[in-house]
Amino acid sequence: HFPVPFSESQAPDTKTDLTGLFTEKPQSGEVAVGENINFVAKVNAASLLKKPTIKWFKGKWMDLASKSGKNLQLKELYDRNSKVYTFEMQIIAAKPSFAGAYRCEVSSRDKFDSCNFDLTVHGGCPHTIQSLGASQVKSEPDEDVWEILQKAPASEYEKIAFQYGITDLRGMLKRLKKMKKEEKKSEAFLKKLDPAYQVEKGHKMKLCIEVANEDVDVKWLKNGQEIQSTGRYIFESVGNKRYLTINHCSLSDDATYTCVVGNEKCTTELFVKEPPVTITSHLEDQMVMKGERVELECEVSEEGATVKWEKDGVELTRDESFKYRFKKDGRKHVLIINEATKEDCGHYTVKTNGGESMAELMVSEKELEVYQNIADLTVKAKDEAVFKCEVSDETVKGIWYKNGVEVKADARTHITHIGRIHKLTIDDVKPEDQGDYTFVPEGYAFNLSAKLNFLDPPKIHLDCMGHTADSTIVVVAGNKLRLDVPITGDPAPTVVWTKGEKVMTEGDGRLHVESTKGHCIFTIEGADKQDEGLYSVIVRNPAGEDKADINVKVVDAPDPPSAPRILSVGEDSCVVQWDPPKSDGGNPIIGYVLERKKKKSYRWMRLNFDPYTDTTYEAKRMIEGVEYEMRVYAVNAIGMSCHSAASQPFIPVAPTSEPVGLCVDDISDTTVSLKWRTPEHLGSSELDGYGVEYCKEGCEYWAFEGLTERTSVIIRDLPTGEKMQFRVRAYNMAGPSAPTSLAQAVTIREIMQKPKIWIPRNLRQTLIKKVEETINLVIPFQGKPRPVITWSKDGEHLNPKQVSVRNSDTDTILFIRKSERKDSGKYEVKLQIENVEDTASISIQIVDLPGSPEKLKIMDVWGFNVALEWKPPKDNGNCEITGYMVQKADKKTMEWYTVYELYRRTNCVVADLIMGNEYIFRIYAVNMVGLSLEPCFSADSAYIQKTGFEYKPPTYKEHDFSEVPKFTHPLVSRSVIAGYNATLSCSVRGIPKPKVTWYKNKMDISNEAKYRMFSRQGVLTLEIRKPCSFDGGVYMCKAVNASGEDVVECKLEIRRKYP
């Protein structure tokens, strides 16, 4: 918006541009004194997002909303069909002071509209100023406040500032003095700022100037400091107009604003007007005794506001005796009178520029003594209530009040005054007589109060409750238990619920106790078995108590049965059994429901739909080999229990076929070894094992050996020489199969078998082991009865500390934990049964690392060659020497290099040695175990002599790499916006590196601070910092070295920031 300067005929407009919200504007009018007049404004709200807000003003800033009363009424109507708001201002009984300029403002979010109109009043002279409302607060004059200040004497400035809500009078007078200065005609400004602007706190303000040159830059200053563009301060440039917009004006924006164009400037004053101060907490009438302290307190809408105190229309000030004290605490204002006198009686008024408040102060000269105060009474129905008091003065009259309403005498109510005694008697007391009674002596600032309490004994009415035949309330578990007991009594009785000796209170959230007028309600959410029992309700008040008992029974579905047990399984069936549940839920069990499912499934299938009364059930129609589970439900009259735990998984299977191929594998004097093959038909269940049974021939009792998972078994402790019968069964989940028996009985007697040693193939040749390796020889044999086994080494017995021997019925084991060289040799094993024997031998060779070679000598040195010779080691490690490792080392570095890795002879020639170096040599012996631990070093060194010749390096002609500078990428003409950094770039090559110089309009700019030059890998860049229109022109870059020079140039155009 564009700010409007102060004038006599038009108020300042401080909001947004007009948007034409009015469909009908209020028109100027004339009215005679004492008559009425209406002003009407209409707004179409069809396109508005929010209800429009309207304000009526008189003069420049007097808001008439606070003046509504007997002389002014504001109305608002809304037509839903046409969506038109009608706002009406009615002036009643017009006075001459009502004449003047008025303004109507309407706003809706960011839209705003206003209009001005005048009121002319005929038949009177506006020599006094009165308000349009009920209170006598002076209204805004039609004259401009600036004109009032200019014409008024300095002594009246403070009074005018209070009347018109001016908070910064001193700053306003300073600015007023500046406004009187006449400004010279400006060449830079076509239109300057007006001398002053005014805006309400929180509104938006827009300052506008017009400049002669559209391209010129302007600066805005606030109290001499430059304003930066922020969210609250917005700069705009449209043609030759420049705007400064201030959003959400606050008191800090009340300042001097200056617009600077070149060397010229124009200044204005912005005044931020605060809303009128209103009284939020009014004064209260007071009655005090003579000499007491008096405090009249009120609260206003703004902290630090100025208020004016008056007594009977005369302004109060701090006099010499400090009779009146004025205290200000934030928004609170207090008038203090230290010692009240009879002269202080009267009407006290506090005034602000937005309202006033009045209170009456009464001061009593003497104090009335009370000999007997009235006392609280508590009576029952139809009794008599008597309030009695006695005061010191017999002539004092008084008034009785009930709950603030004066008591009048009637048929039941008697008021008497005999001497100093005042009495109020109420016959046949009823509930409506209950209340607060007060006796007020006439002419004294105190009263006597007491309370009448009406009593009605409590009573419990159980006839309205529903009971079963045995006076027991039955509730299903999980449902809500709600006991609603009607009660009566006055005052309202207190209710206590108990269960046994325990008082029931709201604790875990399930239990709720509620008392309403005429009822007490006891509720348990989700009743369960523990809530069963005898409940008592007790009601009490001062008139007595009453008690009643209620028996509650909770019935529920039964507990789940125990987990079912599988007694037996068949090919497609099973027999299941379970135990009854521990609790039947208060009702007898009528049956059970069974379910089954496959182990890997989640779907349970019901086996019976009618309750099954027994606890054993045969389930059929199952699939053989599939794993199943079973569970059971118990059923009573309330419902079905939760399901039991699932049974152990089971598989319906049939027994397997009998094992096949039963035969005797071995026999001794007390044992028999049997073996067989698995049954031909195993079925779908896993095989649990085999059971072997035996008995003497002709006996019917079969002894059971036990289950075994193997297909062979050794039965021990049999009687020697007896004939025994044997049979085998296969077992699975379904039980044992049919037996398989031997064709004839077996006599328990061992059979002679010749001893025989079976040497493993790898031991038929010499066994070679390294020192400290473990030797474990397993030699199987046969022979019955068990043979005698003897081990020897080279014809001698073995040392048990070094060698361990373990024997069994079928093999013998030779074990050496850590072998040594002395363990090498020929080992013999011998088996003997009675006079029959068998022998076998095994050769073992323990090998170790060889010793070092001996006597390494340098036999000859010629050219680049050295001849070496040595002797084999004395210790070959108990195995053949497979070769030698020959190494050499330069005496300067002593770094060893291998010449031959596996050399078989004891002499060699080391060739390709380096001339001028001195060498030493060493040799390791190698066998199948590895290298010898220590080498054999040569006693002497071999020096390779130098030959006499000189090296002459070749000569080369030096190449000329110089190159004339040449721009590989030229400068490009550019057009940039003023105020933003600009860069010019090109690239150049040349050897040696050329010297680069930049020119503007053929002037060297190398030392100018406005420019920065960069050179990276042959890419040249010129940066121009925030260019203006003077930085446009022809820019040239020149590259020079010893071989020549090159030049490139471009044009730079600077555009204005705003077109």
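Analyst: Helices (H or I, at least four residues) and strands (E, at least two) are DSSP runs, numbered from the N terminus. The model is predicted, so local features need pLDDT of at least 70 and side-chain atom pairs count only at pLDDT 80 or more, while totals for chains, interfaces and linings use all residues. Residues are numbered from 1 along each chain as its sequence is written, and side-chain values use heavy atoms, with hydrogens and water left out.

UniProt, in an unreviewed entry, places the feature "domain: Ig-like" at several stretches, including residues 208-271 and 755-843. UniProt positions are given in the numbering used here, feature names are shortened, and annotations may be inferred rather than shown by experiment.

Tyr233 counts as buried because its relative accessibility is 10%; buried means under 20% relative accessible area, exposed over 50%, and partly exposed in between, with a 1.4 Å probe and protein chains only. Its side chain makes polar contacts with the side chains of Lys222, at 3.3 Å, and Asp253, at 2.8 Å. A polar contact is a pair of N or O atoms within 3.5 Å; within protein, one must be able to donate a hydrogen and the other to accept it, and residues adjacent in sequence count only if both atoms are side-chain atoms. Beyond its neighbours within four places in sequence, Tyr233 is in contact with residues including Ile227, Leu244, Ile246 and Tyr257, where contact means heavy atoms within 4.5 Å. Leu244 is 11 residues from Tyr233 in sequence, and their C-alpha atoms are 6.9 Å apart.

In strand E66 (residues 811-816), six of the six residues are buried. Asp811, Ile813 and Phe815 cover one face, and Thr812, Leu814 and Ile816 the other.

Next come the partners of E66. Two strands pair if DSSP finds at least two bridges between them. Strand E62 (residues 775-784) runs antiparallel to E66 and is joined to it by six bridges. Strand E65 (residues 804-807) also runs antiparallel to E66, with four bridges, and E65 and E66 form a hairpin with three residues between them. Phe815 in E66 is the bridge partner of Asn776, and Ser804 also stands opposite Phe815.

Thr812 is another residue of E66. What makes Thr812 count as buried? Its relative accessibility is 1%, and therefore Thr812 counts as buried. The side chain of Thr812 makes a polar contact of 2.5 Å with that of Asn807 and one of 3.1 Å with that of Trp791. Leaving aside neighbours within four places in sequence, the residues in contact with Thr812 include Leu777, Phe781, Ile789, Val805 and Val829.
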